[in-house]
Structure formats: structure tokens, C-alpha cells
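Okay, thanks for coming, everyone. I'd like to walk you through one structure today, so let me put it up on the screen.

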Amino acid sequence: MNLKKLLATVALLLPAGLSAQSISQSQIEQFQGLPRAQQEALASQYGVDLDSLVSSGQQSQRPRDVQVVETVSDMPDEERKQAQEEKQQEQKTAAKNGGLKPYGYDLFRGSPTTFAPVTEIPIPSEYTLGPGDVLRIQLWGKENQNLELPISRDGTISFPQSGPMSVAGLSFEEASQQIRKQVSEQYIGVQASVSLGELRSMRVFVLGEARNPGSYSVSSLSTITNALYVSGGIKVNGSLRNLQHKRNGKLVGTLDLYDLLLKGDSSNDSRLQPGDVIFIPPVGNRVGIKGEVYRPALYELNHENTLADLVRMAGGLTPQAYPQRINIERTNDDFLRIITEADYTAGKGKNARIQAGDTVSIPSISDITGQYVEISGAATRPGRFAWMPGMRVSSVIKNLNADLTPVADKRYAAIVRTDKATDSISVLNLRLRKAVQNPGSEFDTPLQEKDQLLIFSDAGKVEGGEEGRNYTRASLFSPVLQRLKGQATPSAPQKTIRITGPVRYPGEYPMPASRQLSDAIFVAGGLKDSASLYHAEVARYTTDESGIGKTNILNVNLADAMAGNGNHALQSRDRILIKSIPDFAKTSTIELRGEVRYPGDYTFRDGETLEQVIERAGGLTDNAFLRGAVFTRAKLRQLEAQRLREAEERLQGDLLGVKLEGDGVAGQSADRVQQVESLLEDVQSSRPVGRMVVNLEAVVNDEGYQDIRLQDGDTLNVPTIPQSVTVFGEVQFPTSHMHHAGLTVDDYLERSGGPTRQADESRVYVVKADGSVMLPERSRWFGSRSQQLEPGDTIIMPIDVDRLNQLELWTNVSQIVYQIALGAAAVGNL
């Protein structure tokens, strides 16, 4: 059948009062597959009610799932804002009640879009029919026919070839019997089956403390809880225990939502009728319960008034609950908060009355109080383990590799023991490796109830990683030391000692039970190889006969103490100092480079001189230029580096001041800035040398010359015999020239192009090959600059600092750079 024929059929059927269901479903689906605009155009052309046709095609289809309540994320902005405000209000309420929130209000929370209960459920036989319901009647036998008969406003249905039948007000079962009876009487050989099709909608009211109070259109099968979904749920100040169902102004029934929430009982969730009112009154008395229950919250009371009722509502006690001392905080008649207790293991405690505003706290059981030992620290499985009489360390640590972490110190462990009578603690030292490898031996200490075994980390294994850093002796012993100090009394001084010096783990420790110095050193990880075995001190705090405290120093032969000889019993607060071997493993070297027979790094003895080391190196070669030898010292480099940093900081500050002055006439300020920046670059590029001027020729050949005692880090560089003279500074072309006998300072300056505009010709100086300096005002021969130069000499043409506004700072900086280059000014600091 084409579309036009389909629409023509529809146009003929609908005016005759027949249902559009007479058209086949495939034809309607074909029509629904067209675009909406084409559907409207064709329906308008043939005068067909498009909505009736489309809805008729949907009646025989499976009902679609309709979203009843949307989540907060799908809400409009206004409703989302409302939800956020309610959440903030709930948080404030929870803060007032110790973090407890009212129970049950999240069940119906949301923003409703529409309400469409599931229709594919059996219709109750007592369901009352009314206008808007549709009856589906199937006739079979002599005549087969499917009819859908809506109940009209006057409460009747119209059978084909028969008059109207009144069914409104009848139950579904009564109407079914009546229809089957009429069919059997009017149609011979025909039987009828009656079912309910579309359901009518009705309007109900949800009022009181609903999130969105008002009137709502719901299905005729809707119940009280369905209407609550539509209204978005109940406010936190609304009651969950006394929802009132009213009809025509009279109370029909009440609903306690706790029956649904706690028991799954919906027997009182009565079905609604048109015009019904669901009224949500304000919340009743509330009681809070927290602690070891499964559902800590604020609960609304109805008929419950005992502690047992409240615990049942909260889901019962957890296995960790301590029921013998349950705290109940309440307000008395004087409006003061007081605390009472109840023993829940007794009938009287379970029947204890609870009042509005009470807060019930269910405490936890205490930690395991007995029959255990505990392992802490760098163990594979730390924690508590069952204790049995006769248990030893090897019972809980069976294998050093399997039961300890890779960073564990396998040599030493500590046992913290608690005295049952006094509740005080003591510390036992344990040689862990020997205890595990020799079960049952004297090293395998028997364990007592509540012993705590501390497994420490080895610092050598921890370096480079984070694992084990919390298991050091300092961290694990910290609470132990604090407790030892706290339990100290005049008759029982605190049992702590402190050990310093070349031991692996210096610090404060519990006093060993043996009081032996050797055990104290073992606790601290043992001696380092730099420890002196002949000298140690024990500083001991004592009181004299007058009760005045004083400190005595005891000298100890450490070798005897480690061997167990002598009387070295430790006392409270002893401070042990392990002395180091003087200059232990100290090596001092000097580097010989250049024209030395056997250059290299030489280790020298304390007090050895430069001459002696050169002799050990085989002396100097024939090409050695003794007057040009460069001798440097590490200490001088440090001093020069410090002066360079100071000069740089001063120059940077002065450069900022010059920039703030602005440009002067003919750009003089800009010139000054450029000049200061150039000087700053010189300072920043300068590297400390640490040179000390020495007369190497006199060192080697003159026995009366002052001995140069060596220091670690010294260097000696002996160059080959040079053939040049160098010109540096403010000349046109700084460079080196071949040495010619008879040439003077002026001759070499002229060969470098002469001075620049910024040069200070009056302050020219010469740096000799040995590092010494000849200044004009201190040299008679230099006055005419006619003195002949020698190979290796350097001529310096300095900058004219007077042109820079005669700033004393720049003059000083220039002198610093000059002194760094020479290294002569630091000779007096040796």
C-alpha cells in the first residue's frame, strides 16, 4: 500500500470513530520514517490528526524507559544552584552535629523531569477504572477482532454494534466480568479477553517540606513514593517518619519511610487517587549516633526510645565496638551538656532511654592488650604476632633475607620491653645475625609478652633512595627515648647515654642493659677506622655531698674496654667521646708540571719543603726557565675568589648609580656606563690564580734561601725558556713580541701601536717573569723607561681611572684585578 492509500484509509477510518490501530503497524512505521515536515504536509493534505496517528503507532510498541529523576549534573543552572545551597546547609548542620548527617534524605533527591512508572506490570484486580483509561478487548472464536475502547468522560465505553456500557467506578475485575458476560450474550460463539491499555493521568499535591512543593500530574498507578520522586524528595528539615496521605481533607494513612529504607517494607505505600494530598510535616526529634556502628548518622525518632532501637536503626555494632561503656551526650534540665554511660551488654543498658538531641558515641575496643609481640622498622612483614611462652627472636625472624628488607641492618636490633608491674620500659640489645643463625643460643633472646622488636636500616644501603629513611636509629628510638626520660625519677634516673666521635651512628641512645661501653659502641654501629683505640672520654654528671651537680671526665683506654677488660660501667646521662686518630688518612699532594724531570702528583710529608720534593722529582731539566716558574696555592685562590665576588657586587651597585644619573652633555654618562660595564666584564671573566711569587732559582741553588713549606693543593709549573716580551692593556694592538737585546719599554709599546685614548701612560709597569712587579714611583731605573727588558717580561698599560670621574671605587677595583693577576698581594696572608 502506498503512502497516499495509507493516508486515505486513515482519513476514512478516523471520522467513523474507529481507532487508527486498524492500520497495520508496518504502514504506520513507514509513515513515521518520513521527515517531520513531510509528515505534517501529508497529514494536512488529507485532514489527518498527525498526533493521533503517531501515538497510535506507538501504542503497540514496547514502552520506552523514561527518566524520572535527573542527576544534579543534568539540572538547569537555577536548580543546580539550589542543590548547592542545600548541600552547604547540610554541611553546616553536619558541622554542628560532629560531622553526622541526617539519614535517608538522599533516596528521593534529584530534579524530576517527568514521571512514567513501569506499565508492564499486572494490573491489580482492585484497580478502579475511570475516564482516560483504555480497555483492550480481544475477541476470538466465530469472530476475531482486537478493540481498544477508551473510557469517555461520562464513564462509558462503546462496543461496535452495541450501545454504551458504563464502567467508571468499577474495579478492573468487575469491569472484565461484565464485558465478558455481555460479549457472550450478544455474540454467539465469541469469547473475550480484557486487558488494560493506556492509563489515565491524575493530579495530586505534594505539600509541606518537599524540595519542590506543588501539584503534579502522575499516572493512576502512582503511589506516595512515586509522587516523592516527582517532587524531588524531602528537605532535610522534613520528616521521614510521618508522611501524611490525605483525601478530601481527611487523613487516609501515614507512611514511615524508615520501614522502606531499613526493612524494605512498602506495604504502607498506598496508591493515590485524583486530588490526593501528600503532606510532609517538619522533622521530629532527632538523635545522633557515631563511632563503631555501620550507619553513623542523625536518626529521626518515632516510637523508638531505647538505645537498642537506635543501634538497630544504625545497622548494629561493628566487631570493633566496645559495648560496655557507651557514651551518651545530652542536654539536662538546666540546658547544660552532660555525659552519661550505658553498658550495652546488660539489659538495663540496652533499654536506656534516649532523648531528643542526644549524641550516642560507640567507642572502639582498645588495641590488642596482650598475647602479642610486635615487629617495627625495616622488616618485610611488620606488625603484631601472637606470643606464646618460650618464643624467641628466631621464632619471628627466621630468615634474614626473607623477613628483612634489603636496607635492614642485619647486625643489630633492639627489644623494647614493658614491665607489667610498673608499666615502665627497658631496652635490650640484640645481635640479630647471631640470634637468627644460632637458634636457642644465648644470643637468641627469649621474648616476653608485649615485646617490641625494632629493626633498623643500614645507612650505607639507604643512600640514593628513600626506602628505609624512616627506620634509622634516631627515628625508631625517638619515642623510646622520650618515654625513658618521662619515666625517670630521683631514685631511677633516666637510662640514656650519648656517644659522639668516629662511630657509624653518633647520637643519643637508651643505656644498654649490660652498662658496658663496648655494648654502647655496638649500638652506635661500631667504630670507624679513624677511631683511636687508646684515647676516649666519658663525661659523667654527678652530685657532690651538698647535692650540687658537677661533671667528671673519665679517661678510658678504648682497646681495653672493647676487650671487656677494666671497670667501665656506664651511668645515667653519660656522654662518650670517641677520639679520632690525628690526621687520620690525611694525604697532602703537590703537582709538578713543566720542565721537571719526573712531573706528576707527589705526596709529601708534614713539614716537607718545595726543594725536597723537586729533588725527589729528579730536579729540573736543562730547558727550565726558573725565573718564570709559577707557584700557586689553593688557599690563595680562595682569598682571591672572595675578593673578586666583593668587587663584582660593588661594581654592580655603582653601575646602577651611573645609569640612574641619565645622559649628560655629549653622552658622557653613556660613556661612563660603557666603561664601567667593560670593567665589570673584566672582573667577571677573571679567574683566581692563587699565585705566590717565589725565586725558584734561589730555592734550588741557594741553601740560605727561606724554605717554602708545602701545603695540600700546591702546584708548581716550570716553563721552558721564553723568547718573547708581552704587551697588555690599553695599547692599540696587545700582543707578544720577539725579545731583542737593547729594546726598552717604549720600544715595545711603540711596536704595539702605542697607547689608546683611555690609557694612563704615567702608570705603565712591568711584570717580571718571576711574577714580581716594578712600579715607576719605586724604581730608579724605570723613570726613563730605558731599562732593557728580559725574556718573559710583560708590559702593562693600565686604564686611566681618573677619566671615570675619579671614582675611588673603580680605582680599587682596578687594583683588585691587577693583584689577582699577579698574586703578590696575598703573600702576607700565608
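Let's start with Asp574, which is buried at a relative accessible area of 0%; buried means under 20% relative accessible area, exposed over 50%, and partly exposed in between, with a 1.4 Å probe and protein chains only. Before I go on, this is a predicted model, where local features need pLDDT of at least 70, side-chain atom pairs count only at pLDDT 80 or more, and totals for chains, interfaces and linings use all residues. Residues are numbered from 1 along each chain as its sequence is written, and side-chain values use heavy atoms, with hydrogens and water left out.

So where is Asp574 found? Look at the loop between helix 17 (558-562) and strand 27 (575-580). Helices (H or I, at least four residues) and strands (E, at least two) are DSSP runs here, numbered from the N terminus. Which side chain makes a polar contact with the side chain of Asp574? That's Arg540, at 2.9 Å. A polar contact is a pair of N or O atoms within 3.5 Å; within protein, one must be able to donate a hydrogen and the other to accept it, and residues adjacent in sequence count only if both atoms are side-chain atoms. Leaving aside neighbours within four places in sequence, Asp574 is in contact (heavy atoms within 4.5 Å) with Thr496, Ile497, Arg498, Val538, Ala539 and Arg540.

Five strands make up an open one, in the order 19-18-22-20-21, with mixed pairing; two strands pair if DSSP finds at least two bridges between them. At the edges you've got strand 19 (383-386) and strand 21 (425-431), each pairing on one side only. Neighbouring strands are turned by 25° against each other on average, direction ignored. Packed on this sheet is helix 15 (residues 473-486), which touches strand 18 (372-377), strand 20, strand 21 and strand 22 (452-457), and its direction makes about 140° with that of strand 22. For the angles, axes are lines fitted to C-alpha atoms, for helices over the stretch in contact, and angles run from 0 to 180 degrees between N-to-C directions. Strand 20 (residues 408-418) and strand 21 run antiparallel, joined by seven bridges, and Ala414 stands opposite Asn429 in strand 21.

Next, the aromatics. Rings of Phe, Tyr and Trp (its six-membered ring) pair if their centres lie within 6.5 Å; planes under 30 degrees apart count as stacked, over 60 as edge-to-face and the rest as tilted. That rule gives seven aromatic pairs. One of them is Tyr412 with Phe522, edge-to-face, 5.6 Å centre to centre and 90° between the planes. This pair links distant parts of the chain, with Tyr412 in strand 20 and Phe522 in helix 16 (residues 517-523), 110 residues apart. Tyr412 counts as buried because its relative accessibility is 0%, and Phe522 is buried too, at 10%. Another edge-to-face pair is Phe477 and Tyr509, at 5.9 Å and 90°. Here Phe477 sits in helix 15 and Tyr509 in strand 24 (residues 507-510), 32 residues apart. Both Phe477 and Tyr509 are buried.

Last stop: Gly189, in the loop between helix 6 (172-186) and strand 7 (190-196). Buried or exposed? Gly189 counts as exposed, because its relative accessibility is 53%. Its C-alpha atom is 5.3 Å from that of Lys142, 47 residues apart along the chain.
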